[in-house]
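Thanks for making time this morning. I would like to walk through one model with you, and please have the viewer open while I talk.

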Amino acid sequence: MNFTETTNMLAVLLVGVFGTIMAVPAVEECPRIMSDAGLSPNFAPLVTHSIHSMTVEDIRFYFKPDATEDNGIPTVNQDVRSEERILRNAPLAGYDDDFTTKGLKSFDLVMRNMNRTWWGIPQYSLLEKVAHALHMAEAWENAVGEYKMIQRLLDPESDICVCVRDIENNGVLNYLNLMAFKIRYPGITSGNATLSGKFFNTTDSTTEDAHARKKRSPWKASYSAGGYSASYSAGKDKPNFRSMNFDGIDFELSDVQLLKDVSEKLVDHDIVMLNHIDNPEHWEYWKNILKLPREDAAYYDIAMFMFCMLN
């Protein structure tokens with residue numbers, strides 16, 4: 001066990017001992033509690049990346065074999081046509097159980113949806129969707145060891161779990177919504193008016209034109225804009241996150257009502273995917289992204305979230 005794992009274990013032990021005898025923590029106490037427990041400053045975006053495409057079958061395979069459809073793990077809706085941007089529970093994917101390996105089950109799921117241009121990350125090519133599925137499976141696999149350690153040591157009623165489950169205030173729900181916007185509208189947070197401006201105009205949202213745009217499937221406008229770019233910078237050893245200020249953003253509003261605010265207030269200079277997997281050089285670009293995150297803290301954050309939400 002390395003130093004980071006030992007430190008995290010001690011933090012979990014302390015929280016597990018004291019968390020069960022303290023009153024329910026106030027919202028403002030949670031940042032300190034989560035930090036003292038070893039969770040990273042990037043907890044919300046790291047967790048968001050890890051759960052955005054998770055299914056019930058994934059939860060059962062990696063974390064909790066008896067997980068149900070009422071599992072409490074929020075995800076980005078794979079149907080980008082839907083007005084329901086975020087699902088409150090990871091859905092059943094319908095993996096083909098005739099396959100015995102997780103890899104082939106994931107591959108089959110992508111292939112079965114290959115003609116559904118509204119499914120998953122529409123801007124990805126078929127090969128890129130397969131790469132993404134395998135990348136997520138590797139991230140979950142890498143979190144299993146930390147999950148088992150936390151499962152042995154932590155009381156799910158501890159203060160840390162109370163704070164982790166408060167996704168409305170700890171940033172997870174906000175970052176999930178942000179990811180959904182970036183998938184549906186590539187370049188919307190780039191700060192580049194050419195990229196973001198195509199998704200809205202200055203006409204008031206109550207006009208006939210805005211009403212027509214609201215009825216139109218949003219993915220159709222964004223499909224040719226390029227690929228969804230992950231929150232990582234290729235070639236770097238660690239994720240490159242920007243701390244986002246979500247003040248004034250009400251994700252209960254519709255896409256059309258929020259597009260302009262998202263494009264102006266949530267700028268992170270995240271442009272569309274620069275390179276698709278179409279030659280060996282571009283694969284090197286993708287490979288660097290798929291290897292991230294390269295830090296134990298990321299898997300500890302994922303494991304803590306999954307444990308607290310599922311137990």
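This is a predicted model: local features need pLDDT of at least 70, side-chain atom pairs count only at pLDDT 80 or more; totals for chains, interfaces and linings use all residues.

Residues are numbered from 1 along each chain as its sequence is written, and side-chain values use heavy atoms, with hydrogens and water left out.

The protein chain holds 14 helices and two strands, where helices (H or I, at least four residues) and strands (E, at least two) are DSSP runs numbered from the N terminus. Of its 311 residues, 53% are buried; buried means under 20% relative accessible area, exposed over 50%, and partly exposed in between, with a 1.4 Å probe and protein chains only. If we take contacts, meaning heavy atoms within 4.5 Å, between residues at least 6 apart in sequence, 72% of them join residues at least 24 apart.

The largest nonpolar core has 81 residues, and those with the most contacts inside it are Ile73, Phe305 and Met306. By nonpolar core I mean a set of buried Ala, Val, Leu, Ile, Met, Phe, Trp, Tyr and Cys residues joined through side-chain atoms within 4.5 Å. Setting aside neighbours within four places in sequence, Met306 is in contact with Ile51, Met54, Ile59, Phe63, Ile73, Tyr147 and Asn311.

How do helix 3 and helix 14 pack? Helix 3 (residues 43-51) and helix 14 (residues 296-310) meet at an angle of about 75°, with their axes 9 Å apart, the axes being lines fitted to C-alpha atoms over the stretch in contact and the angles running from 0 to 180 degrees between N-to-C directions. That makes helix 3 roughly perpendicular to helix 14, given that angles under 35 degrees count as roughly parallel, over 145 as roughly antiparallel, 65 to 115 as roughly perpendicular and the rest as oblique. Phe43, Leu46, Val47, Ser50 and Ile51 of helix 3 make the contact with Ala298, Asp301, Ile302, Phe305 and Met306 of helix 14.

Nine of the nine residues of helix 3 are buried, and what covers them includes helix 2 (30-36), strand 1 (75-76), helix 6 (126-153), helix 7 (159-164), helix 8 and helix 14.

Turning to the rings, the structure holds twelve aromatic pairs; rings of Phe, Tyr and Trp (its six-membered ring) pair if their centres lie within 6.5 Å, and planes under 30 degrees apart count as stacked, over 60 as edge-to-face and the rest as tilted. Phe181 and Phe251 have ring centres 6.2 Å apart and planes at 40°, so the pair is tilted. Phe181 is buried, with a relative accessible area of 0%, and Phe251 is buried at 11%. Phe61, Tyr62, Phe63, Trp140, Tyr147 and Phe307 form one aromatic cluster.

Finally, the two loop residues. Ser53, in the loop between helix 3 and helix 4 (56-62), counts as buried at 16% relative accessibility and, not counting residues up to four places away in sequence, touches Asp58, Gln78, His132, Met136 and Trp140. His269, in the loop between helix 12 and helix 13 (280-290), is exposed, with a relative accessible area of 53%, and its phi is near 60°, a positive value in a residue other than glycine.
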